Amino acid sequence: MNLQSKPASLPPAIAVSGHPDSELTRRIYAEPPHPYRTPFARDGARILHARAFRRLAGKTQVFTRLHADPPGDHFRSRLTHTLEVAQISRTLATALGLNTDLAESLALVHDIGHPPFGHAGEKALDHALKAHGLRFDHNLHALRIVSWFEERYAAFRGLNLTLGVREGIVKHSRDYSAAEHPELAEYFLDQRPPLEAQLIDLADEIAYLTADLDDGMDSGILTLDQVRENLPLFRGFHDAILDRYPLAAPRLTASEALKRVLNAFVTDLMCELRSRVASLGIITLNDVRQIPERIAALSPPMESNRAEAKAFLYANLYNSPGMEDAHRHAEQVVQGLFAALMSDPNLLPADHRAQVSSEGLARTVADYIAGMTDSFIEQAWARSAGK
């Protein structure tokens, strides 16, 4: 594959229509169209201005920002990761002739439902809920945030996002069973999501794999030699950089190689998707929806590189000895605060206490914790424990 080639646009009828009268631009509460912004562009702005979006700046991506030992302000937060996913998603959608406003909005909202402390915090919160017969799902929590918890309008609760963005929030990374989730019936659970939504999951993966290699080397947990030894894709690009810039600092050669790794993944995804659409004879959005499997994917060789990079990061960064203490601390804080709030619901703010009668105490407590930043949950946990 020539990485300098630009894939042709997909058939235009595959893209989600942004026309104000189309099905996927419908809102729960009718609003007049904007004079110069598309419905999906308006959704992106609503997400960008949401309180839950701003709180992503204080939530862990990989490295937990504890007051006692801050790792440095240049490591990714959940917010900066989200902005990187948005950049990749917009690039993909533009190159393929898809709806760029929808793709960007879905990228901006894709992590808004994550709790503090990254995946360690999510795992701990899910474990706490299991004891009450419930689960924590960050996609479904994101839907609750944009549909109810955000309060910015006098006429309605939530952000009143379009059906297309709400469907993408639910389905961008997994499929849901209609039998298990009847409350999601309006989101076409028997059909595949549009390509704009399918691309988000892969854009997310491309963004965090390359970024986490970068942050992992900056942190000292990963070494440049270790990455070179275990990831042939990186090593090939790094060798070329060393030939061209033999006197450059190691951190710069690593950065140059990672940029090329990211570009290789993105270009491969565009080319592979174009090839699959052509081979399957897909020409409309309805065709995309009726295909039994999602069609956005990397080519087999590049998928092997992706899996290799992910396995390497799990073994050497996410589950490394240097991260074990942070994971244990996240579990202690999340589950400790959950137990304290369950024991004394009066510790909940008044607006959350008002939800207990309709949502139940366990779900309400989880909703409250999930909205916290890393620093806020540390403070709340300390207060609940009398520290």
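**Exercise 1. The largest pocket**

H5 contributes 8 residues to the lining of the largest pocket, the largest share. The model is a predicted one, in which local features need pLDDT of at least 70, side-chain atom pairs count only at pLDDT 80 or more, and totals for chains, interfaces and linings use all residues. Residues are numbered from 1 along each chain as its sequence is written, and side-chain values use heavy atoms, with hydrogens and water left out.

Task: state how much space lies in the largest pocket and how its lining residues divide by class.

Solution. 
- Step 1. On a 1 Å grid over the protein atoms alone, a pocket is an open set of points with protein on both sides within 12 Å along at least five of seven lines, whereas a cavity is a set where a 1.4 Å probe fits but cannot get out; lining residues have an atom within 4 Å of a point.
- Step 2. The largest pocket holds about 1200 Å³ of space, a volume being the space filled by probe spheres set on the grid points, which are joined across faces, edges and corners.
- Step 3. Its lining has 48 residues, and Gly118, His119, Ala120, Glu122 and Lys123 lie nearest the centre.
- Step 4. By class the lining comprises 14 nonpolar, 17 polar and 17 charged residues. Here Ala, Val, Leu, Ile, Met, Phe, Trp, Tyr, Cys and Pro count as nonpolar, Asp, Glu, Lys and Arg as charged, and the others, Gly among them, as polar.

**Exercise 2. The second largest pocket**

Task: identify the helix that gives the most to the lining of the second largest pocket.

Solution. 
- Step 1. About 530 Å³ of space lies in this pocket. Of its 20 lining residues, Arg51, Arg55, Phe149, Asp351 and His352 are the closest to the centre.
- Step 2. At least two lining residues come from each of helix H2 (51–55), H6, helix H15 (350–353) and H17; helices are DSSP runs (H or I, at least four residues) numbered from the N terminus.
- Step 3. The most, 4 residues, come from H2.
- Step 4. The lining divides into 6 nonpolar, 5 polar and 9 charged residues.

**Exercise 3. Aromatic pairs**

Task: classify the pairs Tyr29–Phe156 and Tyr314–Tyr318 as stacked or edge-to-face.

Solution. 
- Step 1. Rings of Phe, Tyr and Trp (its six-membered ring) pair if their centres lie within 6.5 Å; planes under 30 degrees apart count as stacked, over 60 as edge-to-face and the rest as tilted. The structure holds 3 aromatic pairs.
- Step 2. Tyr29 and Phe156 have ring centres 5.2 Å apart and planes at 5°, so they are stacked. These residues are 127 residues apart in the chain.
- Step 3. Tyr314 and Tyr318 have ring centres 4.8 Å apart and planes at 85°, so they are edge-to-face. Both lie in helix H13, about one helical turn apart because they are separated by 4 residues.
- Step 4. Tyr314 is partly exposed because its relative accessibility is 38%, while Tyr318, at 13%, is buried (buried means under 20% relative accessible area, exposed over 50%, partly exposed in between; 1.4 Å probe, protein chains only).
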